[in-house]
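Below is a structure, followed by some questions for a reader who is new to it.

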Amino acid sequence: MGGKKPDPDESGAASHGQGGAAPTRALEVERLFRDHNDSLIRFLTLRLQSRHEAREVAQEAYVRLLQLENADVASFVRAYLFRIAGNLAIDRLRRRATESRFESQCCDAELFPGLFNRPPDPETLAVERQRVDQIRGFLHELPDAVRDAFLMFRTEDMDQESIARRLGITDRMVRNHITRALVYCRLRLDGLAPADALLKLKQGTTR
Amino acid sequence: MIVPWGRRDARLQRLEQASLWVQRIRTSGQDERILEAWLEWCQSDPLNQQAFDDIAAIWETSGQLSAEPRPAGVVTRTMYRRRALVASLAGLGLAGIAATWWKLRPAPDEVLTSEFSSPVGVNSVKTLADGSVLELGAGTRVTVALGRHERRVDLHEGELFVAVHHDTSRPFSVDAGRLEVLATGTAFNVLRTAERTTVTVAEGSVAAFHEGRADAAPNVRLQTGQQLVYSQASHTVAVRQADPRNAIAWRSGTLNFQNEPLSEVITTINRYAARKTVIEDPGVQELSFTGTARTDQIDGWLRALPHAFPVAIVELADGRRLIRPQPHALSD
């Protein structure tokens, strides 16, 4: 990693900051982006159900970090980034509930390269489609109730209580089914054979 | 990468916890305490963070399954099938009261039936609601009916390995046309072609019932390592010793054949090949083949065939391949 020195010319997006601290802060934020952006986007995507909005909120969070008054090292730990982003996500969900249409108020320009969607190339699309097919196949290897519970939760946006009523099982079983579906797909994607993945699931705590 | 067992179990736990976090964030992620606790969990160990990312990636990809119709599980009321009932009683040595039992049979069972099939060239696995595991060979089609009193799989075509979840109150049967295999908790393989059905027991024992000739014994009990071959044409049954590992090697991509007519071999080969192969000549159909074929190297196997037999492979205009007698060899 080392050898990265604050570059006096590297002001760029960090020019909101104050005096000589800005380049360092820009580097810190950039490091956070580099190391944690994927997780942050996943977290926000889970919250907002929209990858695009997740990216917008993430960008807003980075801008907030860059604009912090009295920033110290502790400001640039990941937890802080996530807290800011989490709060922004809550704001957005609240506003979504009261306004029928939500206009982005943040930044047309892209703060970090790769933060926003660019049109995916055909190869990436093909890989993604293949991955979706793979997951579909894995899910079909599972007992029907496990797959149904998972798909209701994931694609039909049903809450766990409703799924439990629909399937005539307890909330806890619904939770376990969803967990098993996710873990099983992961194990299969990691290269475990079906029988081995099933055996592994049985060793787990959720049965 | 080889991960020691201890580590792998820890990984399993992390994946489970990560899955629960995904669910919590989805359902109550606006709760700051949840966010706090989640971040704490992630930060306490980089492997936790990794596990979360790994599960979140699955979550994201599966979001694109939205247009997926859920597989049709149809609840139907079906009558007990007489054969299965009589079979289970006879299997217990109670053939004498089987008929009485039939008259006093309980109300029709409520059964959930579902159809499963695997495409040509691809094996697949299905865990049933009762815990039994079906492994389908390529190009295989089954109907599964799970009732409170009986579990039944109809094997329409192809090959099937079953690890039956032990449940004495619900006999488990595989029906392959005129042959029925009955088990409670065991593992066995059934291969069905047009000509015959082969049952191989890998673990435990099964009872096989067939609609054979009137003078034949109605059922055969098979133990581990025994194989039954039922001929559709002559309605005859033969039982022999066979290494179950050979019969189920298809699960790891190897097809094993032991003194099989070439026509039977090709029926199985065709389930794994995009292009079909046909044999018209009866002499070629009856050639006896012993050996193996890799399911991912069917083309190479076919090319090698003329070295082992006096045959030639002809490419047909419709894309199929014909195995025909090798003219020179026959004229010798």
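The questions and answers that follow concern a predicted model.

Q: How many residues of chain B are in contact with chain A?
A: The model is predicted, and totals for interfaces use all residues. On the side of chain A, 41 residues take part; on the side of chain B, the number is 42.

Q: On the side of chain A that touches chain B, how many residues are nonpolar?
A: The elements that give two or more residues to this side include helix H1 (21–48) and helix H8 (194–203) of chain A. The residues of this side divide into 13 charged, 10 polar and, for the nonpolar group, 18.

Q: Is B:Arg11 buried, partly exposed or exposed?
A: B:Arg11 belongs to helix H1 (residues 5–28) of chain B. A buried residue needs 20 or more other C-beta atoms within 10 Å. B:Arg11 has 19 such neighbours, so this residue counts as partly exposed.

Q: How far apart in space are B:Arg11 and B:Ala51?
A: In sequence, B:Arg11 and B:Ala51 are 40 residues apart. From C-alpha to C-alpha, their separation in space is 7.4 Å.

Q: Which element gives the most to the largest nonpolar core?
A: This core has 59 residues, and A:Ala85 and B:Ile55 have the most contacts inside it. With 9 residues, the element that gives the most is H1(A).

Q: Which residues of chain A are in contact with B:Ile55, leaving aside its neighbours within four places in sequence?
A: Within chain B, B:Ile55 is in contact with B:Leu15, B:Ala18, B:Ser19 and B:Val22. From chain A, its contacts are A:Leu182 and A:Arg186.

Conventions: Residues are numbered from 1 along each chain as its sequence is written. Chains are lettered from A and ligands numbered from 1 in the order in which they are written. This is a predicted model: local features need pLDDT of at least 70, side-chain atom pairs count only at pLDDT 80 or more; totals for chains, interfaces and linings use all residues. Two residues are in contact if their C-beta atoms, placed from the backbone, lie within 7 Å. Helices (H or I, at least four residues) and strands (E, at least two) are DSSP runs, numbered from the N terminus. Ala, Val, Leu, Ile, Met, Phe, Trp, Tyr, Cys and Pro count as nonpolar, Asp, Glu, Lys and Arg as charged, and the others, Gly among them, as polar. A residue is buried if 20 or more other C-beta atoms lie within 10 Å of its own, exposed if 12 or fewer, and partly exposed in between; C-beta atoms are placed from the backbone. A nonpolar core is a set of buried Ala, Val, Leu, Ile, Met, Phe, Trp, Tyr and Cys residues joined through C-beta atoms within 7 Å.
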